[in-house]
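Here's a quick briefing to read alongside the structure. Have the sequence to hand as you go through the points.

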Amino acid sequence: VVMRVAQLITAVVMCTFGCALLVTGFVCPPLGEIHPTILTAFGEILTFSGALLGLDYKYRSKKE
């Protein structure tokens with residue numbers, strides 16, 4: 001049960017942080033430190049990973 005809660009929290013945090021990075025990558029002007037495409041790519045990776053964890057949590061919960 002604790003592992004499932006940790007997985008759900010991780011999924012939500014990853015999706016939230018990924019979406020925030022996606023927005024930041026499109027809104028912020030390039031400052032020369034982190035290129036917006038890097039922020040966008042990392043945001044997409046986090047959002048996708050969080051979605052996969054969330055789906056895994058959903059279907060594991062339905063099985064039991």
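What follows is a short tour, from the whole chain down to a couple of residues.

Keep in mind that this is a predicted model. The chain has 64 residues, and 20% of them count as buried. Its secondary structure comes to 2 helices and 0 strands.

**The chain overall**
- Take the contacts between residues at least 6 apart in sequence: 70% of them join residues at least 24 apart.

**The nonpolar patch and Leu55**
- Phe48, Leu52, Leu55 and Tyr59 together make a nonpolar surface patch of about 440 Å².
- One of these patch residues, Leu55, sits in helix α2, which runs over residues 36-63.
- Is Leu55 buried, partly exposed or exposed? Leu55 counts as partly exposed because its relative accessibility is 44%, and the partly exposed class lies between under 20% for buried and over 50% for exposed.

**Asp56**
- Asp56 is also worth a look, and its place is in helix α2.
- With a relative accessible area of 31%, Asp56 is partly exposed.
- How far apart in space are Asp56 and Leu8? Their C-alpha atoms are 9.2 Å apart, while in sequence the two residues are 48 residues apart.

Terms used:
Residues are numbered from 1 along each chain as its sequence is written. This is a predicted model: local features need pLDDT of at least 70, side-chain atom pairs count only at pLDDT 80 or more; totals for chains, interfaces and linings use all residues. Side-chain values use heavy atoms; hydrogens and water are left out. Patches are made of residues with over 30% relative accessible area and no salt bridge: like charges are joined within 9 Å, nonpolar side chains (Val, Leu, Ile, Met, Phe, Trp, Tyr) within 5 Å. Accessible areas come from the Shrake-Rupley method with a 1.4 Å probe; for residues, only the protein chains shown count as cover. A salt bridge is a side-chain nitrogen of Lys or Arg within 4 Å of a carboxyl oxygen of Asp or Glu. Helices (H or I, at least four residues) and strands (E, at least two) are DSSP runs, numbered from the N terminus. Buried means under 20% relative accessible area, exposed over 50%, partly exposed in between (1.4 Å probe, protein chains only). Contact means heavy atoms within 4.5 Å.
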